[in-house]
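I opened a new model today and kept notes as I went.

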Amino acid sequence: MRGAVAAQPRGNHRRGLSIQLAVNIAVLASIYALIGCGYVLIYRTSRVLNLAHGELMMVAAYLLLATASLFSGHPLAAFAASALLGLVVGAAVYLVLMRKMTGERVLAAVLATVALGILLRGIVVLVWSAQQQYPGQALGWSNPALALPGGARISAAAAALVLTTAAAYAGLFAFLRYTRWGIRMRAAGQNPLLAAQRGIRLHGVYALAWGLSTFTGGLAGMLIALDAGLEQTMVVIGLKAFPAALVGGLDSLVGAIAGALIVAAAEVLLIHYVNPLLADVVPFLVLIAMLLARPWGLFGTREELDRV
Amino acid sequence: MTTGAPLLALEQVEVTYHRVITAVQGVTLKVARGQIVALLGTNGAGKTTTLRAISGFLGLDDARVTEGAVAYRGERIENRPPHEITARGIVLVPERDKVFPNLSVAENLVANVPRGAPRADLAYELFPKLAELRGREAGYLSGGERQMLALGAAIACGPELLLVDELSLGLAPVVVQDLAKRLQEIRDRLGITILLVEQNAPVALGIADWGYVMENGRVVLDGDAARLGAHQDIREFYLGQSSGERRSYREVKQYRRSRRWYG
Ligand SMILES: Nc1ncnc2c1ncn2[C@@H]1O[C@H](COP(=O)(O)OP(=O)(O)OP(=O)(O)O)[C@@H](O)[C@H]1O
Ligand SMILES: [Mg+2]
């Protein structure tokens, strides 16, 4: 991620600079949006905040190292296999761990995700060590910088990330609007009891939400790793995407895009004009500002926070 | 009541909320195939709880059938999850929150997991008004339209037994009359058995074959719908046709006597 965002503008030309800043904002917003939709999917179907989302995303990215050696010579297959594994891991986490929490207090479920996150971090260090890894090398993919009109530059992985985010959102919107299971997912989010009374298997819907959430998070994790390497600090990126999802209102995908843009713009501009050291706190500053300014707007108007 | 094994039988059912609050106790009732059975009672009598004991609780309801048995086609179904009850052919139209407000009318029908083939067309056929409202968000429907959608969606699940909680709640008398006719049509044409919870005794007894009256979590009276409608206590307590002083609801002894009298 750093690679993409910190890409240096060519020359000091003003227009070139502002275009480069816009590109950086777009890339960072894509990252936050792609990660953030995972928070939204789980929250809006089951009212649970998944605070292990960053860790799950990281696990999916590390799985790319495993699939890269498994499918050596077929990088695309390795990438696809790792993404699908993310889907399976997410659904499995729900079915094995979170399923027991359905119907418990939301706080218990959120605490369970915190514990899960710590556990996953430990597993990752044990299995893959704490050293920085480069799945891009393992796949044999180079990451050239592409020139954009106006003198701006973007790395190939960052460009792939922007396109993937657009495709993921288009796919999610279509899924939620036009497919039976997508509509059931929305129904379960609105009224789980009525959904069950209409024959919908809640555990199935929730497992699907967890699977899709880890799938999209995993795509983000893998593309970030291709761009900037992979280490445990990826969790921080996952955490920084949370304010983006929250600022937009946790139960809306459109809101997640808006929130991602706001947070990314604030972050890129403050890094550039004020101090690069602000990078990791900006999302949380934006979040606090948002909470102070319009706390009622955060979760939309129609639903209460404490429904499971 | 018709002889032979009933479609649904509750035997001495007790439901407990939050492990301590006993909402209904010793409820015994039977629904024969092809009948419309009315379950009457004042506020808090335990009608909704009885229907929920049949249709199933979620973990977050923190409610359980703690005594007795609910048998559907001879199989025990108490404390099974709601989606499983629906898959067996029992579908509930709940009292409140009966549609998904942020889904369109069409989406409300699509969200179902029906038994067998999807029957959204059946809902439109029974309630042509719904077809006009297809694209409308269910949250914006009027009370009557919402009840039609709830009934339509339940029918689209392909039930054998339809549980309806408070058909008339908050609806104009003409609308209630119309919906009551539709229920009869649903039974006559589709052969769906109906257990109907109502505050409005004349409406319910008008279309029902058999009626039960609940009071304080117990069944206190049951009988042929026509005879119940003519019963003095019913007239006084539920039809509001009292001759002189209204008696207290708590006069359960009176009910017990009546119950013996009916046999
Ligand atoms: N979730 C709950 N937790 C605790 N007690 C409950 C719960 N739901 C119902 N009760 C209690 O159970 C009793 C029966 O309630 P129920 O809703 O079944 O009555 P009802 O006959 O449907 O009333 P109404 O006509 O007002 O709908 C009431 O005393 C009520 O307070
Ligand atoms: Mg009720």
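These notes go from chain A to the sheets, a helix and the metal site of chain B.

**Entry 1. Model and chain A**

I am working with a predicted model. I began with the make-up of chain A. I counted 13 helices and 2 strands there. Chain A has 308 residues, and 53% of them count as buried. I then took its contacts between residues at least 6 apart in sequence. Of these, 75% join residues at least 24 apart.

I picked one residue in chain A, A:V127. A:V127 lies in helix α5, residues 106–128. Is A:V127 buried or exposed? With a relative accessible area of 52%, A:V127 is exposed, because the cut-off for that class is over 50%. I also checked the distance from A:V127 to A:A187. The two are 60 residues apart along the chain, and 39 Å separates their C-alpha atoms.

**Entry 2. The antiparallel sheet of chain B**

I moved to chain B. Four strands make an open antiparallel sheet there, in the order β2-β1-β4-β5. Which strands stand at the edges? They are β2 (21–31) and β5 (75–76). Each has a single partner strand, so one side of each is left without a neighbour in the sheet.

I went through the pairs one by one.
- β1(B) and β2(B) pair in the antiparallel sense over 7 bridges. B:T16 stands opposite B:T22 in β2(B).
- β1(B) and β4(B) pair in the antiparallel sense over 8 bridges. On this side, the bridge partner of B:T16 is B:R64 in β4(B).
- β4(B), residues 63–72, pairs with β5(B) over 2 bridges, again antiparallel. Here B:A71 has B:R76 in β5(B) as its bridge partner.

Helix α1(B) packs on this sheet and touches β1 (8–17), β2 and β4 of chain B. The direction of α1(B) makes about 110° with that of β1(B).

I looked again at β1(B). β1(B) and β2(B) form a hairpin with 3 residues between them. In the turn, B:H18 has a positive phi of about 50°. β1(B) is mostly covered, with 7 of its 10 residues buried.

**Entry 3. The mixed sheet of chain B**

Next I traced an open sheet of 6 strands in chain B. The order is β6-β7-β8-β3-β9-β10, and the pairing is mixed. The edge strands are β6 and β10 (218–224), and each pairs on one side only. From one strand to the next the twist averages 15°.

I checked one pair inside this sheet. β3(B) and β9(B), residues 210–215, pair in the parallel sense over 5 bridges. The bridge partner of B:L39 in β9(B) is B:Y212.

Which strands of this sheet does α1(B) touch? α1(B) packs against β3, β6, β7, β8 and β9 of chain B. Its direction makes about 150° with that of β7(B). Helix α7(B) packs on the sheet as well, touching β3, β7 and β8 of chain B. The direction of α7(B) makes about 160° with that of β8(B).

**Entry 4. Helix α7 of chain B**

I stayed with α7(B), residues 173–190. At 1.5 Å a residue, its 18 residues should span 26 Å. Its end C-alpha atoms are 25 Å apart, which agrees.

Which residues of α7(B) are buried? They are B:V176, B:L179, B:A180, B:R182, B:L183, B:I186 and B:R187. They cover an arc of only 155° around the axis, so they lie on the same side of α7(B). The spacing fits a general rule. An α-helix has 3.6 residues a turn, so residues three or four places apart point the same way.

On the other side of α7(B), I found B:V174, B:K181 and B:D188 exposed. The buried residues of α7(B) pack against β3 (36–41), α4 (120–126), α6 (143–156), β7 (161–165), β8 (193–198) and α8 (201–207) of chain B. After the helix comes B:G191, whose phi is positive, near 65°.

**Entry 5. The magnesium ion**

I finished at ligand 2, a magnesium ion. Which residues coordinate the magnesium ion? They are B:T48 through OG1 and B:E95 through OE, at 1.9 to 2.5 Å. The pair links distant parts of the chain, 47 residues apart. B:T48 sits in α1(B), residues 47–55. B:E95 sits in the loop between β6 (90–93) and α3 (105–110) of chain B.

B:T48 is partly exposed, with a relative accessible area of 26%. B:E95 has 18% and is buried, because the cut-off is under 20%.

Note on methods:
Residues numbered from 1 in each chain as written. Chains lettered and ligands numbered in written order. Predicted model: local features only at pLDDT ≥ 70, side-chain atom pairs only at ≥ 80, totals over all residues. Heavy atoms only, no water. Buried < 20%, exposed > 50% of the residue type's maximum accessible area, 1.4 Å probe, protein only. Expected span 1.5 Å × (residues − 1). Arc of directions from axis to C-beta. Contact = heavy atoms within 4.5 Å. Donors = N, O, S within 2.8 Å, 3.2 Å for Na, K, Ca; no water. Pairing = 2+ DSSP bridges. Axes fitted to C-alpha atoms, helices over the stretch in contact; angles between N-to-C directions.
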